[in-house]
Amino acid sequence: MALQNMERLVNKMKQCEYCGEEISEEEYEDERNGYCYECTDDLMTEEEEDIWRL
Ligand SMILES: [Zn+2]
């Protein structure tokens, strides 16, 4: 039973598409493109820089 609970937890964990950091499913769905908060911040900054370049 404990093992099943662990497997369920592991299955619930997603990984950031960028840095591979484990993020919760909740966080994963909340963030764009499956990135963790840190990478979302980085990517947002990059996007802002791209906008400034245009
Ligand atoms: Zn990340």
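## Overall architecture

The protein contains 3 helices and 2 strands, where helices (H or I, at least four residues) and strands (E, at least two) are DSSP runs numbered from the N terminus. Read from the N terminus, the order of elements is α-β-β-α-α.

This is a predicted model, in which local features need pLDDT of at least 70, side-chain atom pairs count only at pLDDT 80 or more, and totals for chains, interfaces and linings use all residues. Residue numbers start from 1 along each chain as its sequence is written.

## Burial and contacts

Of the 54 residues in the protein, 9% are buried. A residue is termed buried if 20 or more other C-beta atoms lie within 10 Å of its own, exposed if 12 or fewer, and partly exposed in between, with C-beta atoms placed from the backbone.

Contacts require C-beta atoms, placed from the backbone, within 7 Å. Among the contacts between residues at least 6 apart in sequence, 0% join residues at least 24 apart.

## Helix α3

Helix α3 spans residues 37–53, and its 17 residues reach 24 Å from first C-alpha to last, close to the 24 Å expected at 1.5 Å a residue. The expected span is 1.5 Å times one less than the number of residues. Helix α3 is hardly covered, with a count of 1 buried residue among its 17.

## Glutamate 22

Glutamate 22 lies in strand β2 (residues 22–23). This residue counts as exposed because it has 12 C-beta neighbours inside 10 Å.

Leaving aside residues up to four places away in sequence, glutamate 22 touches Met13 and Gln15. Its C-alpha atom is separated by 9.7 Å from that of tyrosine 35, 13 residues apart along the chain.

Methods
Contact = placed C-beta atoms within 7 Å.
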